[in-house]
Amino acid sequence: MRFPLTRDDALTRLYDFVPLAGRAYAARRNHDGGPEGKATTSLLSPAIRRRLVSEAEVAAAAVAAQGYTGAEKFVQEVCWRTYWVGWLQQRPEIWMRWQADVMRMEAMLAEDGKWQRRYELALAGTTGIDCFDAWVHELIKTGWLHNHVRMSFASIWCFTLRLPWQLGAAFFYKHLLDACPASNTLGWRWVVGLQTAGKTYLARADLIRDLSGGRFMVDAPLAREAAPWPADIIPPPIPPAPVMRADPTARTGLFVTTEDTSLETLALPGAIVALAATPDIGGTPAPLKHQVAMAMLADGLDRAATRLGLEPERVDATFGVDAMRDWAARHRLTQIITADAPIGPVKDRLDVLAPALAADGVQLVRLRRAWDDLAWPRATKGFFPFKAAIPQLLALPKNALA
Ligand SMILES: Cc1cc2nc3c(=O)[nH]c(=O)nc-3n(C[C@H](O)[C@H](O)[C@H](O)COP(=O)(O)OP(=O)(O)OC[C@H]3O[C@@H](n4cnc5c(N)ncnc54)[C@H](O)[C@@H]3O)c2cc1C
């Protein structure tokens, strides 16, 4: 496996990579040698996505190795993820709209077949555009694509194949090992000009040829224009919910989800008497994506069990209200601690769970990491004003992972 599946392996990858996170990264990061080639980037995105390692740890390691100026470009890329997550967190409507659009468009496809043919060719990787077809197969086989490839893929999908961005984002979301509601949805929106008003990304054959080291000829004609997608209304930001604090005197269970598999790095209050995890990741993931998420979850649960000296339990696949109530009742819990989940299917479930548990006298406490707490409220405008907060993020105390 090309991607670390345990925290130990992710930390090893991080420390192996940081000597390259300076000038080499800034100069070469857009080059992509393909699945067999030498990586020019860290390949840490699946691990960061499920928080085998956190953005705080990744940025700190890069700065320690390269100094702030040397690591600036890499740290900024790490912070793009934080920015997108913080931005979407404050505009849940954008996430809900995308999901509704996908359902509507899939129904339309079935009904009138408007895009059916082009859509089928795209999903099968048989469009005749050599790079695009290879990337489709790479995505399905490996669950990952290089950043510049994702930009070119999305651009060809929308402007050359004239398919709706929402369906492309759904294809990515199903397969990407790092599939993230924020980075994926907003990455696609950025390509079609919905995030930076009127600014689209047009894939260029010469650039694809060059950045792929000549692996692709790109003889098939690509779109020569990228007209922005009709602008939609971006709702004003809703400030993130206040940080919750755990009661150190409560009888507490720890609950691990696929959103954060390093709960043992949180500052946990008092004694924890029970430990459980849920394998739910929402949606209909491709088998490889599911398998990788389960491996990361198993590693997270093992580490928490060792740290707490507890026998880990599994709550059912969709952690329904009854299963969680049952777990809490069996251990006579009055508090369940989990990591705060950003916008996405796990958060949706936690939102349903919290009031149901509260009715039983069990408080669901979602602990937010200091990095998120500082960053999210600053993601109200564009990335450039957000960047001003990076020095503050880097200055967070080393033990402020929680
Ligand atoms: C259309 C589109 C969809 C995308 N969907 C996702 C997604 O679902 N999940 C995801 O994690 N990233 C997504 N990205 C961002 C980016 O492509 C990946 O994070 C990156 O390719 C990961 O490779 P790496 O770990 O080697 O990154 P590195 O270059 O080593 O960067 C380190 C880390 O910084 C973060 N990062 C780097 N570049 C970006 C970026 N442009 N945007 C956001 N975060 C970034 C990632 O967490 C990454 O692991 C998307 C980009 C586009 C254009």
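By class, the shell around the ligand is made up of 16 nonpolar, seven polar and four charged residues. The structure is a predicted model. The ligand sits in the largest pocket. Of the 27 residues around the ligand, Tyr25, Thr41, Ser42, Leu43 and Asn147 come nearest.

Ser42 places a polar side-chain atom 2.6 Å from an oxygen atom of the ligand. For Arg150, a polar side-chain atom is found 3.3 Å from an oxygen atom of the ligand. Each of these distances falls under the contact limit, as N or O pairs count within 3.5 Å. The ligand alone exposes 820 Å², and the protein buries 95% of that area.

The shell was then assigned to secondary structure. Helix 3 (45-49), helix 5 (72-89), helix 9 (147-160) and helix 11 (181-191) each contribute at least two shell residues. Helix 5 provides the largest share, with six residues.

At the domain level, residues of the shell come from both domain 1 (7-89 + 376-394) and domain 2 (92-211), so the ligand lies between these two domains.

Note on methods
Residues numbered from 1 in each chain as written. Predicted model: local features only at pLDDT ≥ 70, side-chain atom pairs only at ≥ 80, totals over all residues. Heavy atoms only, no water. Near = heavy atom within 4 Å. Polar contact = N/O pair within 3.5 Å; in protein donor to acceptor, adjacent residues only side chain to side chain. Areas by Shrake-Rupley, 256 points an atom, 1.4 Å probe, with all protein chains shown as cover. 1 Å grid on protein atoms, 1.4 Å probe; cavity = no way out; pocket = protein on both sides within 12 Å on 5 of 7 lines; lining within 4 Å. Sits in = over half its atoms within 2 Å of the grid points. Helix = DSSP H or I, 4+ residues; strand = E, 2+ residues; numbered from the N terminus. Nonpolar A, V, L, I, M, F, W, Y, C, P; charged D, E, K, R; others polar. Domains from an automatic or database assignment.
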